[in-house]
Amino acid sequence: MAQPDSKKIFFENLSGAGKAIAVLTSGGDAQGMNAAVRAVVRMGLYVGAKVYFIHEGYQGMVDGGENIKEASWESVSSMLQVGGTVIGSARCKEFRTHEGRLKAAHNLVQHGITNLCVIGGDGSLTGANLFREEWSGLLTELVEQGLIEADAVQKYSALHIVGMVGSIDNDFCGTDMTIGTDSALHRIIEVVDAIMTTAQSHQRTFVLEVMGRHCGYLALVSALACGADWVLIPEMPPEDGWEDKMCQKLSANRAGMKRLNIIIVAEGAIDQNNMPITTDYIKNLVVKCLGFDTRVTILGHVQRGGTPSAFDRILASRMGVEAVLALLETTANTPACVVSLCGNQSVRLPLMECVQMTQEVQKAMDEKRFEEAVRLRGRSFENNLKTYKLLAHRKPESELPVSNFNVAVLNVGAPAAGMNAAVRSAIRVGISEGHKMFAVSDGFEGFSKGQIKEIKWADVGGWTGQGGSLLGTKRTLPAKHIDKIAEQMQKHNINALLIVGGFEAFESLLQLYEARATYEEFCIPMCMLPATISNNVPGTDLSIGADTALNAIVETCDRIKQSASGTKRRVFIIETMGGYCGYLASVGGLAAGADAAYIYEEPFDIRDLQANVEHLTEKMKTSIQRGLVLRNENSNENYTTDFIYQLYSEEGKGVFDSRKNVLGHMQQGGAPSPFDRNFGTKISAKAMQWVTKKLVETFRHDEGRVFANGEDSCCLLGMRRRALVFQPVVQLKDQTDFVHRIPKEQWWLKLRPLMKILAKYKTSYDVSDSGQLEHVVRNRPKESDASVAM
């Protein structure tokens with residue numbers, strides 16, 4: 001690895017020696033809380049602090065005794081994949097009283113705890129802040145009552161609080177995504193996908209109720225992810241007369257040969273008069289008005305259960321480490337903060353600013369200021385709502401703008417889950433913008449053969465949840481057939497091109513840009529959306545399909561590790577895909593709790609392999625029974641998966657045995673995850689709006705044609721830290737290693753030390769990029785509305 005840059009700050013400068021950190025989970029449970037607890041404990045121990053569990057949330061803090069226990073490294077083993085919270089959570093009325101908080105303060109002082117990491121919702125975090133504000137007064141009272149010594153007031157003078165938001169509702173302002181939300185979406189989408197098959201068989205209408213008493217995020221995003229016919233959320237009640245409009249839409253969809261209808265309702269859905277809209281009301285309405293066979297399904301606590309998704313494990317691990325760093329850096333004057341996610345970046349925000357804005361949303365809803373409530377929820381929520389309206393409700397032909405532009409959409413490269421959601425979104429947004437949309441089958445090979453046909457709104461119905469590529473995709477680059485492609489462009493009068501694909505799509509766009517000098521047919525707006533499980537496209541932090549592949553890897557690793565439970569000590573060597581890009585191995589390793597991940601970007605030799613074996617041998621001598629090692633398929637041509645397996649088998653003799661698995665194409669298949677469905681849908685909608693803007697800008701009225709030959713008319717749309725950015729592909733050439741088909745700089749390499757730290761390796765961790773305390777922004781910059789966190 002590269003040597004540490006002297007300008008960077010490494011956390012070796014931040015010592016936790018002499019500090020005591022306590023972690024508790026409070027309020028409702030959420031999948032991923034255990035990953036956050038694990039990260040706090042291991043990072044805390046790593047920096048030399050004492051770490052304590054507080055069992056049963058604030059109730060345990062008030063009761064003390066056995067509820068406050070010192071944590072060890074081994075005590076958080078095997079909890080990463082467990083849903084809920086293993087340290088327990090409880091609602092505590094006593095903590096809301098002054099006497100209860102006095103007892104809690106006494107119990108903390110007895111253990112020397114002055115650093116508190118609270119994982120919960122806004123109520124839990126508000127309680128923690130009040131506790132912090134009262135702290136010095138509580139200690140004074142304890143001295144007066146003779147329960148603590150006078151010098152303890154000085155010794156434990158300040159209580160430091162850092163919060164992490166654990167809530168499946170994603171109802172906390174200031175963060176794009178709360179711990180547990182993605183997993184809850186997984187549960188909902190699994191159920192919706194299953195229901196759709198039975199609904200189709202019987203031509204039924206299903207009304208689904210999802211959680212969200214005060215927040216419609218789960219309902220809205222799951223409606224986007226499955227292409228629901230109608231969604232009802234508390235932030236945006238339907239207009240008066242909505243019943244007739246909904247029935248008209250359901251009827252029109254059936255007339256258009258659709259065999260089922262899905263209506264998603266948040267449990268807190270209300271009408272314009274703040275009166276509840278129930279699932280039974282909707283069912284009776286549909287039966288009475290349309291006579292459709294209608295069923296109600298209430299998902300309930302299914303949404304809280306199950307194993308956490310890869311996204312939640314990574315989010316919680318990153319947030320847990322960030323929380324410890326925040327506690328190490330805090331001073332007596334630092335306000336209580338919450339660590340959260342903005343785009344793809346960790347941020348720290350003043351806790352009470354976030355709480356106040358969250359409360360403002362509810363106030364706006366109570367006062368019927370619904371548009372204000374949506375705006376206060378943040379850009380991510382607002383963007384989801386706009387995108388849903390754009391895709392779900394088709395305008396009548398008479399209301400559509402007439403653009404006379406023809407736009408072609410195609411897939412290039414290997415299939416990736418979420419491609420179909422992106423294509424559906426592009427087609428429907430394009431039609432809404434007044435364009436004539438064309439679908440190209442089998443990539444540029446199909447393009448050259450004239451496999452181009454107009455595609456209508458209804459043709460892409462039901463595409464969102466389909467894996468693979470329904471258009472068909474090939475790795476063929478356009479240079480091979482450039483003459484024929486130009487001919488077909490002219491024949492079909494194609495005015496703009498949207499390419500959805502991986503590294504081959506990036507290379508294709510470069511070739512088309514260079515071909516502009518010879519063929520004017522390519523002097524049109526062209527845009528690429530990154531879609532590849534390898535996540536190896538320059539200009540973007542994330543690609544469509546990578547999240548689905550990560551979930552496949554993590555689920556398989558969970559099963560493989562479980563296969564060894566109750567047997568002798570065992571290490572599993574698992575090979576992942578990715579070409580020369582180590583994203584899947586590294587981030588999959590962090591999410592699955594791997595001990596090591598071998599990748600091309602971080603060269604390793606026999607000494608590193610030997611050190612890893614020795615490290616695992618030491619760990620196996622404790623209570624840890626299983627080890628997990630991931631290897632990227634092209635990490636090293638000599639140190640193959642077989643070689644590493646044989647080395648571990650030989651060197652581990654007498655301590656552990658080894659097994660190997662090559663995951664192969666199972667990483668590429670399957671239904672897309674909720675994240676990939678929504679990421680694909682949202683960036684595709686944004687890309688089509690960009691295409692429309694460019695078509696208008698570059699149309700030459702005197703010649704009656706589109707002519708675009710500037711760099712900024714041939715772009716890749718990618719997620720960069722906090723924002724979605726259109727980047728000219730020519731400018732990305734210098735950032736690309738074309739031999740190994742990877743970007744020269746990759747953000748996720750900064751996550752590798754996290755995996756090593758959580759696996760008990762001594763390593764350097766660059767904290768120069770960690771969150772700085774910011775203020776809550778009511779309206780983030782325009783570009784950042786496409787937050788990666790759906």
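Let's start with an open sheet of four strands, ordered β7-β8-β6-β9 and paired in parallel. Two strands count as paired if DSSP finds at least two bridges between them. Strands β7 (230–232) and β9 (294–298) sit at the edges with a single partner strand each, so one side of each has no neighbour in the sheet. This is a predicted model, where local features need pLDDT of at least 70 and side-chain atom pairs count only at pLDDT 80 or more, while totals for chains, interfaces and linings use all residues. Residues are numbered from 1 along each chain as its sequence is written, and side-chain values use heavy atoms, with hydrogens and water left out.

- Helices (H or I, at least four residues) and strands (E, at least two) are DSSP runs, numbered from the N terminus.
- Strand β6 (residues 205–210) runs parallel to β9, and five bridges join them.
- Within that pair, Glu 209 stands opposite Ile 298 in β9.
- Helix α6 (residues 181–202) packs on the sheet and touches β6, β8 (261–266) and β9, with its direction at about 165° to that of β6.
- Helix α9 (residues 279–290) also packs on the sheet, touching β6, β7, β8 and β9, and its direction makes about 170° with that of β9.
- Contact here means heavy atoms within 4.5 Å, and angles run from 0 to 180 degrees between N-to-C directions, using axes fitted to C-alpha atoms (for helices, over the stretch in contact).

**A pair of helices**
- Helix α12 (residues 370–377) packs against helix α13 (residues 379–392) at about 120°, with the axes 5 Å apart.
- That makes α12 oblique to α13, since angles under 35 degrees count as roughly parallel, over 145 as roughly antiparallel, 65 to 115 as roughly perpendicular and the rest as oblique.
- Val 374, Arg 375 and Arg 377 of α12 meet Phe 381, Glu 382 and Leu 385 of α13.

**A covered strand**
- In strand β17 (residues 526–530), five of its five residues are buried, meaning under 20% relative accessible area (1.4 Å probe, protein chains only).
- Met 526, Met 528 and Pro 530 lie on one side of β17, with Cys 527 and Leu 529 on the other.
- Strand β16 (residues 496–501) pairs with β17 in the parallel sense over five bridges, and Gly 501 stands opposite Pro 530.

**How confident is the prediction?**
- The mean pLDDT (the predictor's confidence in each residue, from 0 to 100) is 91, and 95% of residues reach 70 or more.
- Over residues 1–10 the pLDDT is below 50.

Methods
Buried < 20%, exposed > 50% of the residue type's maximum accessible area, 1.4 Å probe, protein only.
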